[in-house]
Amino acid sequence: MPLYTPGRRRAIVLLLLTSVLLLTLDLRGNSIFDAARGGFSRLMDPFETAADVVTKPARNAWRGITDYEQVEEENQQLRDQLDAQRGDQVAAQAAIQDYQELLALNDLASLGDYPTVVAMVVGESPSNLDQIIEINKGSNDNIVPGLAVTVGAGLVGKVTTPVLPDRAYVMLLTDDRYQVGVKVVPGTPPETTTTVAPVGSDVPVALGSAPPVDGSVPEVSVPGTEPPSTSIPEVTLPTDTPPGDTTTTVAPTTTIDGSNRRDTGRLRGQGGGHLPQVDFLADAPALGGRFNEGDIVLTSGGTDGLAPPDIPIGVVTNVIYRSSADGPLLEVEQLADLSRLHFVRVVLYKPESETPGPIGTQAGG
Amino acid sequence: MFASLVQGPLLRLFLVGIIVLSLQLTLFADLRPAGVALQVMLALAAAAGAAGGPQKGALAGFVLGLMYDLAVGTPLGSSSISMGLGGFVAGYVQSITIDPQWWLAALFTGLGAAVGELAIPVVRAFIGESHPFDPRFGLAIGVVAAGAMVLSPVLVPVGRWCMRIKRPEWKAPPVSE
């Protein structure tokens, strides 16, 4: 006898009620459902692997058709970026070393002090509503909901429910349910390039380098390494060579706010395809005019936050000044490329409110 | 009871559902026309409804939704409601015709898929998840519906096989003497 012989309406109402019942039980937390998820996940594994292998040519073809030009362009940009960053890296390493030494000297915890778990991304949500990925580590590796997830470039998101023994789901910071406390610190404005322009020439060239013969425009910028309150006055350098060709003007464009300001707010995801936004809760009107494109957004930590402080999130790309008393709204371009995640790092960090002693004593590994 | 389980639609639906779900999690998670993930599980539920009527559509949506929730980690039952609704709507509009042409079945499948996709944020809102209205979601509904229509020539026969639906056989009335 088929299962759905009762009247049509009764059967449909029964299905609806069953769904609501399951939903209610699951939202209250149910170990049987978690076990069922784990079992179903294991059942699906071979099918998923087979489908992955079989459909790979089709997916590659699709990517080839849709992404070719973008990949080529991006490749060129990355090469340029790599050239520029080789110089930055040396300066940055020295700065990091100094920073670590200072933290050690003052007995403060840094991000490297927290234990982490490296996990592989094994799936992404097929939904058009959620921005969620699946990783291959779970509660067996001490992963609990709420923990921050990072990659080398910065914050990716947080662990969300359900957490299975060997699987967990990560809500990306673009998900419109995602929120995290952040601080905004002055960064390098987009125009921050110190230039030397020969008189009569419209083309600026980098300070400290010889003017190129072919007229190309190299630019050197070392973010975060400039001294505070640096403002170089315009200088005219007389030389022995005839006027016109001989006078070089140093045309500075760098002015950095060295007031050590730090504003805290809340970053909220806005859904796929939209940049996350930072808004400010307290003293919002006073913040007008304080932010610039290029400012850096980091996690603020705090007593309740499950993300430790100072994880880089992104840079401010747009400052929206609202007419009401709401204060400015910052659009943030995340540093991590959320569309290409392969391995992530889950930070096993407990907030101060959950640790019995000083946070530095809890940290390890 | 065992015989009813084997002979009924659930076993077939489960087996086909696993294959379609594998494709959903691999191929269709990557193939995103206009940045929208096609919902092939929802399309299958709607196709079953377009082939067999509202009751079978709702049942197919319920089972496929449960499988989807178990695999993806969404609250168990949330996709059952949205997919069940999609299957029900596709089947309900199908019931206005006797034996719909393939293009009409495609239209019903697309309509069911659109309703199912639209129901997802509504169901999520009922369980306390706040998703601010995003105009882009309109595009997602359109693309999901169009994808379901394109896939329906394949999915409607598959749904018909899963739900053990036989095509109506029309016979000429006996000639009166």
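How many residues of chain A are in contact with residues of chain B? I looked that up and found 43 residues of chain A in contact with 46 residues of chain B, where contact asks for C-beta atoms, placed from the backbone, within 7 Å.

A note on the ground rules: this is a predicted model, where local features need pLDDT of at least 70, side-chain atom pairs count only at pLDDT 80 or more, and totals for chains, interfaces and linings use all residues. Residues are numbered from 1 along each chain as its sequence is written, while chains are lettered from A and ligands numbered from 1 in the order in which they are written.

Next I asked which elements of chain A touch chain B. Those giving two or more residues are α1 (8–27), α2 (31–105) and β1 (116–124) of chain A, with helices (H or I, at least four residues) and strands (E, at least two) taken as DSSP runs numbered from the N terminus. The largest share, 15 residues, comes from α2(A).

I noted three helices and 16 strands. Of its 365 residues, 26% count as buried, meaning that 20 or more other C-beta atoms lie within 10 Å of their own; 12 or fewer is exposed, and in between is partly exposed, with C-beta atoms placed from the backbone.

Last, I picked V144(A), in the loop between β2 (132–135) and β3 (148–151) of chain A. V144(A) counts as partly exposed because it has 15 C-beta neighbours inside 10 Å. Leaving out residues up to four places away in sequence, V144(A) touches V159(A) and V163(A).

Methods: Contact = placed C-beta atoms within 7 Å.
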